[in-house]
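Please read this briefing alongside the sequence and the structure shown below.

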Amino acid sequence: MRRRPAGPRPGPGRPRRRLRPASIRARLTWLAAVSALLPLLAGAALAAGSLRDYLAREAVDYTSRKVAAVLRLVDDDPDAQLQYTAGKLRDDPRLKVSFGVEDRRSNWEPGSVRPEREPSHGSDVLSLWPWTDPGSRTPAPGYIQSGANGRYLFVANRLQDEQRRLNGFVLMLGGAALAVTAGIAGATWFVAGRVLRPVEAIRTQFAELTARHLDRRVPVPDTRDEVARLAATMNRTLDQLQAAVDQQRRFVGDASHELRSPLAALRAELEIALAHPEHAQWTAVAEAALGDTRRLQSITTDLLLLARLDATGTEGLPGAQPVDLTALVREELARRPPGPRTLDLHLDDPEQPLTVHGRHTLIARLLGNLLDNAERHAEHTVTVRLGRDPGRRLAVLHVEDDGPGIPPADRRRVFERFTRLDDARTRATGGTGLGLAIAHHIATAHRGTLAVTDSPRGARFTTTLPCADLTT
């Protein structure tokens with residue numbers, strides 16, 4: 001038995017065909033149309049049903065009035081009355097007149113007899129379907145007029161006129177419901193298109209963004225609604241993304257430059273020594289190579305720490321715990337070797353511990369970087385002040401020096417990576433240009449701040465950290 005070959009299947013080189021998802025505009029239009037059509041149809045059905053019952057009752061009333069309007073003969077002959085009534089009603093196109101014979105009953109009394117029950121006004125006499133043939137309608141039960149010897153006359157309404165009127169009314173209701181639904185759907189389609197037009201413009205512009213064109217921004221409509229706020233938020237996010245990318249590019253360029261300098265110096269020293277080994281002072285060459293190696297190690301260590309701090313952000317620090325900031329400052333000052341500059345410590349409340357929430361090693365690194373920077377630029381004295389801000393419940397740490405200070409225009413730039421206001425002096429003293437950037441990241445990771453504040457002389461770096469009892 002030969003099997004029929006199966007249809008083409010998507011292979012590795014043939015992408016699977018996907019159905020295009022419906023747009024928001026189409027879904028809104030469909031929802032509006034269905035929401036409008038259902039109640040309109042329900043209302044039309046109720047109105048048509050009410051008219052059907054009214055027409056059915058009117059048909060019976062019409063037949064009753066026509067039969068009652070026929071005059072009674074004076075001679076009181078039942079058969080003559082039947083013939084006379086039939087002759088008067090036979091020309092009415094709305095009525096059906098017929099004769100019949102019934103077995104004589106013991107209580108037979110000639111005359112007009114009203115049916116024992118009212119005719120049904122439901123679907124058995126009139127139909128709500130507009131294409132129903134009015135001539136096929138079952139006549140509504142009418143009135144019977146009896147004569148002698150079991151003869152009778154049956155008069156019923158053909159319901160043709162009532163069915164035509166009902167058909168026209170149903171068609172009118174259906175057309176009105178469809179017209180109103182179409183109008184609502186068209187209005188919804190138009191309004192949704194006007195509302196979503198800025199969204200499509202935002203999507204088109206955003207789709208053209210690449211890493212090389214981060215300076216583009218999505219258009220912000222003048223509607224001052226949710227779409228405008230969305231566009232403004234996207235532009236702010238793009239500003240932050242562009243700033244981060246630009247910072248990363250500058251960081252990569254600066255890092256490559258900083259790493260290239262000691263590597264080039266190390267290579268040059270070793271090449272010169274190997275070119276003239278008989279004249280090389282190998283002890284001095286090793287000491288110079290060791291110094292360059294230490295500088296490379298310091299730069300790479302700082303870069304790794306910055307990368308970890310960037311990954312941490314402000315969401316919280318793993319392993320954080322209460323830290324006695326007063327004891328930490330005392331330990332850090334006591335551990336520093338004596339030098340030409342004097343270190344002064346001023347505590348607002350020496351007896352009361354000042355506790356913050358964070359990691360002991362990172363806060364010690366922050367203070368150490370600030371002290372290194374202050375000692376590098378101070379002339380005689382470095383002052384450390386530790387206190388509390390009762391109003392904001394913050395721990396406040398000041399590190400001051402009596403050096404040349406920092407111009408106001410450079411107070412924010414000093415926290416950028418590889419920033420040196422005095423490049424030659426910083427390189428000579430061994431700075432990498434990352435100490436203040438690391439300190440600023442550590443303060444931010446602890447939900448605090450680090451800034452250069454006004455000082456009578458020199459530079460003052462002020463760090464604020466939330467107290468431990470406020471940390472959640």
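How many of the eleven residues of helix 9 (residues 435-445) are buried? Eight of them are, and the helix is mostly covered, where buried stands for under 20% relative accessible area, exposed for over 50% and partly exposed for values in between, with a 1.4 Å probe and protein chains only. The model is a predicted one, in which local features need pLDDT of at least 70 and side-chain atom pairs count only at pLDDT 80 or more, while totals for chains, interfaces and linings use all residues. Residues are numbered from 1 along each chain as its sequence is written, and side-chain values use heavy atoms, with hydrogens and water left out.

**The chain overall**

- The secondary structure comes to nine helices and eleven strands, taken as DSSP runs numbered from the N terminus, with helices being H or I of at least four residues and strands being E of at least two.
- Of the 472 residues in the chain, 35% count as buried.
- The accessible surface comes to about 29500 Å², of which 56% belongs to carbon and sulfur atoms; the areas come from the Shrake-Rupley method with a 1.4 Å probe, and for residues only the protein chains shown count as cover.
- Among contacts with a separation of 6 or more, 71% are accounted for by residues 24 or more positions apart, a contact being heavy atoms within 4.5 Å.

**Nonpolar cores and Phe461**

- The largest nonpolar core has 46 residues, of which Leu325, Val329, Leu370 and Phe461 touch the most other members; such a core is a set of buried Ala, Val, Leu, Ile, Met, Phe, Trp, Tyr and Cys residues joined through side-chain atoms within 4.5 Å.
- Helix 7 (residues 360-377) gives the most to this core, with eight residues.
- Apart from this core lies another, of 13 residues, among them Ala44, Leu55, Val60 and Val125.
- Leaving aside neighbours within four places in sequence, Phe461 is in contact with residues including Leu370, Leu397, Phe415 and Leu436.

**Aromatic rings**

- The structure holds one aromatic pair, for which ring centres of Phe, Tyr or Trp (its six-membered ring) must lie within 6.5 Å, with planes under 30 degrees apart counted as stacked, over 60 as edge-to-face and the rest as tilted.
- Because the ring centres of Phe415 and Phe461 are 6.1 Å apart and their planes stand at 90°, the pair is edge-to-face.
- The pair links distant parts of the chain, 46 residues apart, with Phe415 in the loop between strand 9 (394-401) and helix 8 (423-428) and Phe461 in strand 11 (residues 460-466); both residues are buried.
- Arg94 lies over the face of Tyr62, at 4.0 Å from the ring centre, where a charge sits over a ring if NZ of Lys or CZ of Arg is within 6 Å of the ring centre and within 35 degrees of the ring normal.

**Helix 1 and the annotated segment**

- Thr29 lies in helix 1 (residues 24-69) and counts as buried because its relative accessibility is 12%.
- Not counting residues up to four places away in sequence, Thr29 touches Ala185, Thr188 and Trp189.
- An unreviewed UniProt entry lists residues 169-192 as "transmembrane region", and over residues 169-192 the model is 100% helix and 0% strand, with end C-alpha atoms 34 Å apart.

**Helix 9 and Arg392**

- The buried residues of helix 9 include Leu436, Ile438, His441 and Ile442, and the helix is followed by Arg447, whose phi is positive, near 60°.
- Arg392, in the loop between strand 8 (381-389) and strand 9, counts as exposed because its relative accessibility is 54%.
- The C-alpha atoms of Arg392 and Cys467 are separated by 9.5 Å, although the two residues are 75 residues apart along the chain.

Technical notes
UniProt positions are given in the numbering used here, feature names are shortened, and annotations may be inferred rather than shown by experiment.
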